[in-house]
Amino acid sequence: MADYIDEKKSGHGSDVVVPVSDGLYADPEQVYEKHAVFDAKHVEEITGAEFDDPNLDPNAVGDYEDDSPYPEVRAAVANTDDPTIPVNTIRAWAIGLAWAILIPGLNQFFFFRYPSVTIGPLVAQLLSFPLGRLAAAVLPDISIFGASLNPGPFSIKEHVLITIMASVGAYSAYATDVVAVQRVYYNQRWNFSYQWLITMSTQLIGFSIGGIARRFLVSPPSMIWPANLVYCALFNTLHQQEYAGAGRRAGISREKFFAFACLASFLWYFFPGYIFSALSYFSWVCWIAPNNVVVNQLFGVQHGLGGSLLTFDWSQIAYIGSPLATPWWAEANVAGGFFFFFWFLTPLLYYTNTWESKYLPISSRTSYDHFGKTYNVTRILNPDSTLNMEEYKKYSPLFLSTVFAISYGLSFASITATIVHAFLYFRKQIWTQARRSLSEQPDIHARLMSKYKEVPEWWYGIIFVTMFTFAVISLEVWDTKFPIYALVVALIIAFVYSIPIGMIQAITNQQVGLNVITELIIGYWMPGKPLAMMLFKTFGYITMAQALTFASDMKLGHYMKIPPRPMFWAQVMATIIAGTVQLGVQSWMFSNIPGICEPDQPSGFICPSTQVFGTASIIWGVIGPKLQFSQGQVYYALSFFFLVGAIAPVIPWLLTKKFPNSFFKYINLPVILSGTGAIPPASAINYVPWAIVGFIFQYVIRRRHFAWWAKYNYVLSAALDSGVALSVILIFFCLQYPKNGTIGAETIQTWWGNTVYANTADAKGTPMYKLPAKGYFGPDSW
């Protein structure tokens, strides 16, 4: 009998066995992967991707009518919906808003402390499950204003809504750093009204843009948003949702697998996180030759290039995102960019002493003067925080480590590459999606979501107009030296880049940042105005980042079948409450914690992020890019990266046109150029092990053991993240925060396993050369 595939029928609790050949049966996922082949035109029809989608394997499309054509989505997302499941309930709002107060407040409090801890969305997702079940068990079955206080068992949709409210404002709002820097660096203590207006406007303008862009970034099935699949798998695991997409592989259930993996991750992290921290900074080659500078530069993981390859700390591996969530082809692009720019180009430039680099560490996250010391920006400032050119010429030009300099160049290149790439690959897709409604999407999830009322465009319009008005008031009433036309330019930049960067992120799990380009533009445009620089950067960069955060949350709601209107209000209300709480906590801290943001603050509230943000405001806003990247300056050559970024995407595009089924279609220049954008503060230790783990799970296991991968991969990612998150909190509050970190100061903190990596040239950032006889390096005048 010839091979054939039956139409897959899906539903909770139903397992599908698909005939393959005479008397043989197999998991439907593996049948699809091996036998279902579609031509390019058919693939375009069933995915809505009017570009050569590297995430799509035509041999693994599956039953596109009843499920997603993407195996990753089928493995994590249920393809059914029950509109009667409670979602917009009083208990969901009560728990969600409680998290929207508690988590942002705690995170903001510890944001100013070093060492710190961050309570992420996974913690809320895990803890909300028992809280929701407890509420269902103890709340009375009464009605309040016509809404039932206890509508029955705690549902998966309530759980999703709670998690979104907990996560949307969990992390410190970018604008709070602007307020902190104004106070600490420029002695500008403007009242709470200014702080609230600037924070709300920067957070929610992005939301309105994300809502307007949802038809491009959320509705199309090709916009898979890989990171969300981990959350979906965990939701379905906790609520024991069974569906055909999970496969029929024998073995323990997803629930047990998650419990065992989470417990193992929780217990194991005590070793790299506290007991034996050298397992985290596993620079084993450097331990053999701790004083050999070249060995430490090549194999170190703190100020080196990461040739030691390994770490046994999941928080280091997943620092730039879980390698179990990002598609392998995208990980290969990131790894390729890292290997070329940081394992080939960086050593080439460093060891030829380009930019006087041998007098500095090969990799560092700080800036230096020509004495090899951290750049002292206070030496070049006037009393009003403007640049004193005479003192600047007496002191020193600014120098960067080679890795830091290359990261700036890559930021420049990624900006032009993103626009060119979007035009070449996505122009048809953008035009088509602009005219396509949700019900017309060729995807089961979009068709299921089309049953719910959409959020009208004018709701997002009202948010935009209101928040724009807030921004204008805050800029005009207070002396920000930031004109309204500059605000408009910043928002245009954010809007123009939101869709192309969002499409790249939705496909690759990698986001191109606008922070450097916004700093560059305003630095040239309005030199000597640090507050204007910070505001332009915040409105230009964070508006785009917030738009994509909201789009990602909307895609999570799309996958989990959350009605759009409750989702809208949950996101808006949680953002307003979280931002207000963060400002309140920050204001209280500055009023009640003595010596906050001082380097020797006894409780550790030294404000590390505020220091970095403040220094950047001076480097870009006071010194300005003209004295760093213009012709005749030290880093002028980096400006040519803009041209490189504009030209580079054309090459794989032309090759793909000529060889459509070759590996060239997997080459994504924006990802290659921006995938290493977390450097600094990330380093080689966050990229090399990440790529190795990604290769094992997303390539080897996915290809050779697809049924195991479909059932467990995303659950494993969620379990590892969850275990580490819980362990970090326990270690911090029980062992590090009490007694100002002095617990075990003379015992466990000082044993070999917690000190060996710190006694190396890698940890100390030892440069190749010592200072010349004249006492400094570089030019004699600048």
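Guide: This is a predicted model. Let's start with E457, which forms a salt bridge with R214; their closest N and O atoms are 3.6 Å apart.

Visitor: Where do E457 and R214 sit in the chain?
Guide: E457 is in helix α20 and R214 is in helix α9. The two are 243 residues apart, so this pair links distant parts of the chain.

Visitor: Is R214 buried or exposed?
Guide: R214 is buried, with a relative accessible area of 12%. That counts as buried because the cut-off is under 20%.

Visitor: And how does E457 count, buried, partly exposed or exposed?
Guide: Partly exposed: E457 has 35% relative accessibility.

Visitor: Which residues are in the salt-bridge network with R214?
Guide: The network links R214 with R215, E454 and E457. E454 forms a salt bridge with R214 too, and there the closest N and O atoms are 3.1 Å apart.

Visitor: How accessible is E454?
Guide: E454 comes out at 31% relative accessibility, so it counts as partly exposed.

Visitor: Why would side chains like these pair at all?
Guide: Side chains of opposite charge can pair when their charged atoms come close.

Visitor: How many salt bridges does the structure hold?
Guide: Eleven. Another one of them pairs D780 with K774, with the closest N and O atoms 3.0 Å apart.

Visitor: OK, changing topic. How many helices and strands are there in the protein chain?
Guide: The protein chain has 32 helices and six strands.

Visitor: And how much of the chain counts as buried?
Guide: There are 782 residues, and 59% of them count as buried.

Visitor: What share of contacts join residues at least 24 apart?
Guide: Taking contacts between residues at least 6 apart in sequence, 79% join residues at least 24 apart.

Visitor: Last one: what does the accessible surface come to?
Guide: About 30,400 Å² for the protein chain, and 63% of that belongs to carbon and sulfur atoms.

Terms used:
Residues numbered from 1 in each chain as written. Predicted model: local features only at pLDDT ≥ 70, side-chain atom pairs only at ≥ 80, totals over all residues. Heavy atoms only, no water. Salt bridge = Lys/Arg side-chain N within 4 Å of Asp/Glu carboxyl O. Buried < 20%, exposed > 50% of the residue type's maximum accessible area, 1.4 Å probe, protein only. Helix = DSSP H or I, 4+ residues; strand = E, 2+ residues; numbered from the N terminus. Contact = heavy atoms within 4.5 Å. Areas by Shrake-Rupley, 256 points an atom, 1.4 Å probe, with all protein chains shown as cover.
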